[in-house]
Amino acid sequence: QAQLLESGGGLVQAGGSLRLSCAASTGDISSYAVAWFRQAPGKEREFVAAIAWSGFATQYADSVKGRFTISRDNVNTIIYLQMNMLRPEDTAVYSCAADPTYGGSWHDKPIKYWGQGTQVIVAS
């Protein structure tokens, strides 16, 4: 069993940057693929990015390509989402999720563990 905890959210002006972090508060996700999702009020949850635990494979939503970067520190088992050139439409609660497998569609695949989310607000 594992519990995920996100951090790094906050308020930022449009064009600014934030770096989110995800780590297991309990359990071990060192061999898990990890993804970031976001959900804005009144909207469906949206896939943002994913990374294989090897770090060699990544996947991004078209809306964040070139602006967001997912990475991981496998020594400390921390997963990061570096968000640059933030836009007001990026405002959402960002959650990390971990699953034993990287393959398949992250948009609809079952996911084993979810974090509680961290709020990102981008002001215009």
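**Exercise 1. How many helices and how many strands does the secondary structure of the protein chain come to?**

Before starting, note that this is a predicted model, in which local features need pLDDT of at least 70 and side-chain atom pairs count only at pLDDT 80 or more, while totals for chains, interfaces and linings use all residues. Residues are numbered from 1 along each chain as its sequence is written, and side-chain values use heavy atoms, with hydrogens and water left out.

Solution. Begin with the assignment rule: helices (H or I, at least four residues) and strands (E, at least two) are DSSP runs, numbered from the N terminus. Under this rule the protein chain has zero helices and 11 strands, and its pattern along the sequence reads β-β-β-β-β-β-β-β-β-β-β.

**Exercise 2. Compare the radius of gyration of the protein chain with that of a compact globule.**

Solution. The radius of gyration is taken over C-alpha atoms, and the globule rule is 2.2 Å times the number of residues to the power 0.38. For 124 residues a compact globule would have a value near 14 Å, and the 13 Å of the protein chain agrees with this. Next, take the box along the principal axes, which for the C-alpha atoms is roughly 40 × 25 × 25 Å. Finally, turn to burial, where buried means under 20% relative accessible area, exposed over 50%, and partly exposed in between (1.4 Å probe, protein chains only); buried residues make up 43% of the 124 residues.

**Exercise 3. Locate the disulfide and describe its geometry and setting.**

Solution. A disulfide is here a pair of cysteine sulfur atoms within 2.5 Å, and a search of the whole structure finds one. Its partners are Cys 22 and Cys 96, whose sulfur atoms lie 2.0 Å apart. The link of Cys 22 and Cys 96 is right-handed, with 65 degrees about the S-S bond. The pair joins distant parts of the chain, since Cys 22 belongs to strand S3 (residues 18-26) and Cys 96 to strand S9 (residues 92-99), 74 residues apart. Both Cys 22 and Cys 96 are buried.

**Exercise 4. Describe the surroundings of Val 34.**

Solution. Val 34 is placed in strand S4 (residues 33-39), and it counts as buried because its relative accessibility is 0%. With contact meaning heavy atoms within 4.5 Å, and residues up to four places away in sequence not counted, Val 34 touches several residues, among them Ile 29, Ile 51, Trp 53, Ile 79, Cys 96 and Trp 106. As for Ile 79, it is 45 residues from Val 34 in sequence, yet the C-alpha atoms are 7.5 Å apart in space.

**Exercise 5. Which residues does Gly 16 touch, not counting residues up to four places away in sequence?**

Solution. Gly 16 lies in the loop between strand S2 (10-13) and S3, and at 18% relative accessibility it counts as buried. Its contacts, with the neighbours up to four places away left out, are Met 83, Asn 84, Met 85 and Leu 86.

Met 85 is found in the loop between S8 and S9, and at 46% relative accessibility it counts as partly exposed.
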